[in-house]
Amino acid sequence: MAVPNAKYSYGSWGVGGLGHLAGESLNRDLKAEMVHVPQRGEGPVVTDLLNQTLTLGLSSVATARQHVATGKIVPIAMMGADRSQALPQVPTLKELGLTDPLYLNSVWMAILAPAKTPNAIVQRLGQEMRAIANSPEVRNQLVERGFEMMVTTPEQAQANYKLEFDVITRRIKELGIEAQ
């Protein structure tokens with residue numbers, strides 16, 4: 001999707017997502033005047049980068065990694081507190097001097113249960129999931145695909161979610177992003 005009359009554009013996997021918020025934060029920090037091109041997922045972001053209809057794209061390592069390996073996409077920087085194990089040569093935004101707390105967030109997946117699930121069941125599910133995620137076979141498969149492993153307890157996952165939720169909610173309000 002080409003962006004008429006825009007000098008620079010960036011794609012993200014949708015309005016209000018972490019990619020959109022990071023792109024708008026970069027816009028502000030770098031005074032880049034990029035136009036946001038929301039997509040319906042990371043795949044279309046990568047496709048538009050490959051077609052050179054976007055200047056920049058925000059995507060997970062897992063989605064973009066195969067194209068980085070072939071040299072068709074060049075990674076510039078990573079969000080998160082640490083460099084990616086899959087792309088250790090790519091600096092974090094923090095290493096590049098960008099200090100916005102939003103840049104410390106990264107895309108993550110969680111196993112969720114309904115709010116009224118008894119604590120004993122939540123704890124048992126957490127214990128079983130940690131055992132599976134920490135098994136060498138599963139860990140190696142996920143890391144090979146570009147995922148960073150952060151295996152937590154249910155309490156740690158909730159605390160991490162709350163911290164990120166607060167940063168993201170504040171940024172949505174600051175940027176004036178509304179539900180669509």
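Analyst: Happy to. Strand β1 (residues 9-12) runs parallel to β2, and four bridges join the two. Here strands are DSSP runs of E with at least two residues, helices are runs of H or I with at least four, and both are numbered from the N terminus; two strands pair if DSSP finds at least two bridges between them. This is a predicted model, in which local features need pLDDT of at least 70 and side-chain atom pairs count only at pLDDT 80 or more, while totals for chains, interfaces and linings use all residues. Residues are numbered from 1 along each chain as its sequence is written, and side-chain values use heavy atoms, with hydrogens and water left out.

The sheet as a whole is open and has three strands in the order β2-β1-β3, with parallel pairing. At its edges lie β2 (35-38) and β3 (56-57), each of which pairs on one side only. Helix α1 packs on this sheet and touches both β1 and β2, its direction making about 155° with that of β1. Contact means heavy atoms within 4.5 Å; axes are lines fitted to C-alpha atoms, for helices over the stretch in contact, and the angles run from 0 to 180 degrees between N-to-C directions.

E33 is placed in the loop between α1 and β2, and its phi is near 55°, a positive value in a residue other than glycine. Q52 sits in the loop between α2 (42-50) and β3, with a positive phi near 60°. Most residues other than glycine have a negative phi. E33 is exposed at 68% relative accessible area, and Q52 is exposed at 69%. For these labels, buried means under 20% relative accessible area, exposed over 50%, and partly exposed in between (1.4 Å probe, protein chains only).

The largest nonpolar core has 15 residues, and L93 and L102 have the most contacts inside it. Such a core is a set of buried Ala, Val, Leu, Ile, Met, Phe, Trp, Tyr and Cys residues joined through side-chain atoms within 4.5 Å. Both α1 (18-30) and α6 supply at least two residues of this core, and α1 gives the most, with four residues. Leaving aside residues up to four places away in sequence, L93 touches L26, A77, M78, M79, L98 and Y103. Another core, of 13 residues, lies apart from it and includes V45, V46, L87 and V90.

Salt bridges complete the surroundings: there are eight in the structure, each a side-chain nitrogen of Lys or Arg within 4 Å of a carboxyl oxygen of Asp or Glu. R28 and D29 meet in one of them, at 3.2 Å from N to O; R28 is partly exposed at 38%, as is D29 at 30%. In helix α6, R171 and E174 form another at 2.8 Å; these two are three residues apart, about one helical turn, and R171 is buried at 7%. Through shared partners, salt bridges join R28, D29, D100, R171 and E174 into one network.
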